[in-house]
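Please open the structure in the viewer and keep the selection tool at hand.

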Amino acid sequence: MRKKILLLGSGELGKEFVIACQRLGQYIIAVDSYEGAPAMQVAHEFEVINMLDGDALDRIVAKHQPDIIVPEIEAIRTERFYDYESKGIQVVPSAKAANFTMNRKAIRDLAAKEVGVRTANYRYATTLEELQNGVDAVGMPCVVKPLMSSSGKGQSVIKSTEDIEKAWKYAIEGSRGDLLEVIVEGFVDFDYEITLLTLTQKDGETLFCPPIGHRQERGDYQESWQPMPMKAEHLEEAKKMAADVTKALGGAGIWGVEFFITQEGAYFSELSPRPHDTGMVTLGNTQNLSEFELHARAILGIPVNEIVLERNGASAVVLAMNEGESTPIFRGLDKAAIIPQTDFKLFGKPTTRPYRRMAVALAFGNEEVSDLVEKAKSVASLIEVE
Ligand code: AMP
């Protein structure tokens, strides 16, 4: 059962996925826009292309003839996936899932209108005037986000009419790809937010990982912890929504389904049809199988009977501070390494830029998750990227 897997996107999540696949004896070709990306360092072969270029994608698919295509990022010409799928290539989790989550519009409409889960009120806008109308419709405060962006780029909150024009300009500047459209949605005054890692299987039932809590800054996660203590009814509600949305998209794999939790219950926010960055906490062996091992198994059709919490855990990111063109040096590892019940993973990214995620610190055990978060943060703070 050695499959040829074409991995599109070779960041730290891709790297851990490749390691999980290697342990199951698979053959991997890792793809990204630059050479030396983390997942390339542990794969059999690599390709450097612009994944938004459909012809370039066609070329490497024709060259490698993969059994399975695994997208690790959103910025891919995913329209081509339908064609690959019709030719018998397994697209993970499905061509529809990858295509619908490429930008915020298709997935939001599917969740809110077709599946009917609770989301914030929202409108779309392609001009400043449409944005003004959208703000009137959803009310203030509201959040503006480019339909295509990453890491919170271009995202801002509108509190008063004066903010609208600024939010429009900021969103358009922060847009990625060729799509200049934004979503404006009501601000959800949530108590906390979670990622519900959801496992869909070829022949088995849909399973859920214990919920992961996380804190965001500048649109990127800073710390995550598992399990997030929450009311059973809110968790059940989130599980139902996650099962419904993933079913509508189809296919097998792990999904990071994000929810805002309020007193009234769960609001569906968005979803990644692949391992989620906040799920790196599972690298601390918080579960019987990490999110990467679960993804690999689901894709290969290896049944997963159960997902159980083995111990509590927390993760905290290690960010670069400066622009750097040469291989970064990590300092303080000796001090970080001696803290009991902790660990760290260095991603091996070849260069740095401000706020680029370079490593992750982990803490685990039977302590309360709030204490584990503090511990993971102190490990992260001891590691310096130069
Ligand atoms: P997103 O890129 O949509 O995941 O947004 C990044 C982060 O911004 C979320 O994890 C929330 O912390 C915050 N955020 C996004 N949308 C909203 C909203 N409608 N209400 C409140 N906070 C939000």
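Predicted model: local features only at pLDDT ≥ 70, side-chain atom pairs only at ≥ 80, totals over all residues.

Next, colour the protein by domain. The domain assignment gives domain 1 (4-91), domain 2 (121-186) and domain 3 (192-385). Which domains each provide at least three residues of the shell around the ligand? They are domain 2 (121-186) and domain 3 (192-385). The centres of domain 2 and domain 3, taken over C-alpha atoms, are 28 Å apart.

Now select the ligand together with its surroundings. The ligand is surrounded by 14 residues, and the closest are Lys 145, Glu 185, Val 188, Glu 193 and Glu 270. By residue class, the shell consists of 6 charged, 5 nonpolar and 3 polar residues.

Individual contacts may then be inspected in turn.

- Select Lys 145: a polar atom of its side chain is placed 2.8 Å from an oxygen atom of the ligand.
- Select Gln 155: an N or O atom in its side chain lies 3.0 Å from an oxygen atom of the ligand.
- Select Val 188: here a polar backbone atom is 2.8 Å from a nitrogen atom of the ligand.

Finally, display the surface of the ligand with the protein around it. On its own, the ligand has 480 Å² of accessible area, and the protein covers 90% of that area.

Note on methods:
Residues numbered from 1 in each chain as written. Heavy atoms only, no water. Domains from an automatic or database assignment. Near = heavy atom within 4 Å. Polar contact = N/O pair within 3.5 Å; in protein donor to acceptor, adjacent residues only side chain to side chain. Areas by Shrake-Rupley, 256 points an atom, 1.4 Å probe, with all protein chains shown as cover. Nonpolar A, V, L, I, M, F, W, Y, C, P; charged D, E, K, R; others polar.
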